[in-house]
Amino acid sequence: MTAAVDAVMRALFAPGLLASGPVRTAAAVGGGAAVVCAIVGVFTVLRGEAFAGHALADVSSAGGSLSFLLGASPLLGFLGMSALAAAGLEAAGVRRAQGRDLATGVVLGAGLGLAALFLYFDATRTSAGGAAVAVMFGSMFAIPASTAPVAAAVGLVALGATAWLYRPLLLSSVSPDLAAARGVRLGATSLAHAVVLALAVALAAVTVGAILATALLVGPAATGIRLARRPAGAFAAAAGIGLGATWAGIGLAYDSAGWTPAHPWPVSFFVVALIMAVHLAVRGRAGRPAPALPGDGGEG
Amino acid sequence: MFAGFMLHTWLVATVVALVAGVVGLFVVVRGSAFAAHALPLGAFPGAAAATLLRLPPGVGLAAFALLGVAGIARLGRRGARDVATALTLVTLLGLGALCLSLTSEYSAAIYALLFGQVLGISARDVVVTFALGAVALAAAALLYRPLLLSSVSPDLAAAQGIAQGRMDLWFLGLLALATVMTLPVVGALLVFSLLVGPPAAARAVAGRPLAATFLSAGIALAIAWAAIALAYVSNWPVGFFVGTLGAAAYAAGRGAAAWRSRRARQAVAGAA
């Protein structure tokens, strides 16, 4: 049995994959980020806040580029800026449905302006060449091993908070009126969701890059919601899809070093392509049952 | 700042700002800020793909913008619009990550596409921008009434025989056109600031749609000109100024609207 698995693994993946330090760090941090994003993402999709999630990730790129400038850990930069953006969104009044889309857009525009400035300084004042690509599209194999414990702590805090608030969070996402009638404080749950969302996108930004973090957040979650009949199933399916796509993406990217001259292909490309392939396959299933959960069924 | 080589920049920026200000009003009225963000950002990798295939970058931008329109419209038909937009965007960007890594472009070129480039605009670029700008403004004028009506009151629009789905496609097409002509100047990430900041500010202040449209174009023009002047003086990226000034305009608009409604309330209270 073990020999068979071994043979399959060897046929699929280039030798040395699992012995390489950077690959192991990428698999650990990337896998963790994928699971956290998938779980948090189910709430984000149900609440119809995909744009806010994307905006937090994009704005966090300003933090990532600032950390290049200061020589600090990129994860801390992404975290700081995504938390600041979450606070900015709450302050700009995203909780009111009226003008929520606009307030998100304006915060996003201002944050991207800052990112432009910091990346300009990166390019002119430091030797950090390629900072723009690393921040925006990720550089999974360049994650320093020292990032792993911090990332693990951030991920555990996000998952712990989500587990603790599971019922009110789910109820307020699916039916705000029912939640209010049962005494759930909508403002507090919305704030809690914004905080865990900020943590999740910062983790994703370190792995697949700030502008692709949305793929880990929204893709597996939307697919999981379509697949499952019960909430628990949606979370499990989303986490499985995210984790599988990330690990397979890392394997394929490692393998792709010999496909074209010069470079290996970027991990982020494979992760996004796999997530989308699964999503389209699930969408296209003939005779699919009506979605059991609301949120991905109506106009958003 | 007003040297000969900057003339092209001023001309292009003027057209770009007018188109963004007008098209942006539709974005704001329809509540489509995510689409206005996703189309430019998703189109930008098209330039890298075009370089890879030895085509002019503009062709790649247009092709990716159309892919974006198709993706948002198709995936959004049976599912939440924001999820459809997000998935379309990351798919295009994922392709972009691949194309960028294969072209071994300088990161300076990527940076310029993301955050804008105000120098080195050729006379041909100016002509192309003017032509596309004229088409975009003419389309906006033709679509003005049906598009606003279908955004504000879908039922009334349906009663007049305006199909919601077709209007949505027209809107996305107009957005794609504005994207393709705006992107090379202010950059993929900040086309969006010009599309959202000025009309959001204008709408907070002006009541009537036509007044809001003109005010929005005026604010966009002021922001674009100020951003270029500041970028020229400081040598900082133009996108930084567009983003910051756009947010400032929105904050000012909200502040002005709040101040006016308080004055109105006070007047009512004083009269009573």
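In this predicted model, chain A averages a pLDDT of 84, and 85% of the residues in chain A score at least 70. Within chain A, confidence is lowest in helix α1 (residues 2–12), where the mean is 61, and highest in helix α11 (residues 213–227) of chain A, at 94. Over residues 295–300 of chain A the pLDDT stays under 50, and for this stretch the model has 21 contacts beyond four places in sequence.

Chain B averages a pLDDT of 85, with 94% of its residues scoring at least 70. Here helix α5 (residues 107–115) of chain B has the lowest confidence, at a mean of 69, whereas helix α10 (residues 209–234) of chain B has the highest, at 91.

| Chain | Average pLDDT | Residues with pLDDT of at least 70 |
|---|---|---|
| Chain A | pLDDT 84 | 85% |
| Chain B | pLDDT 85 | 94% |

For the complex, the predictor gives an ipTM of 0.87 together with a pTM of 0.88. Across the interface, 46 residues of chain B are in contact with 48 residues of chain A. On the side of chain B that touches chain A, at least two residues each are supplied by α2 (33–52), α4 (81–103), α5, α9 (188–205) and α11 (238–271) of chain B. The largest share of this side comes from α4(B), with 15 residues. By class, the side of chain B that touches chain A has 30 nonpolar and 14 polar residues, along with two charged residues.

Key: Residues numbered from 1 in each chain as written. Chains lettered and ligands numbered in written order. Predicted model: local features only at pLDDT ≥ 70, side-chain atom pairs only at ≥ 80, totals over all residues. pLDDT = per-residue confidence, 0-100. Helix = DSSP H or I, 4+ residues; strand = E, 2+ residues; numbered from the N terminus. Contact = placed C-beta atoms within 7 Å. Nonpolar A, V, L, I, M, F, W, Y, C, P; charged D, E, K, R; others polar.
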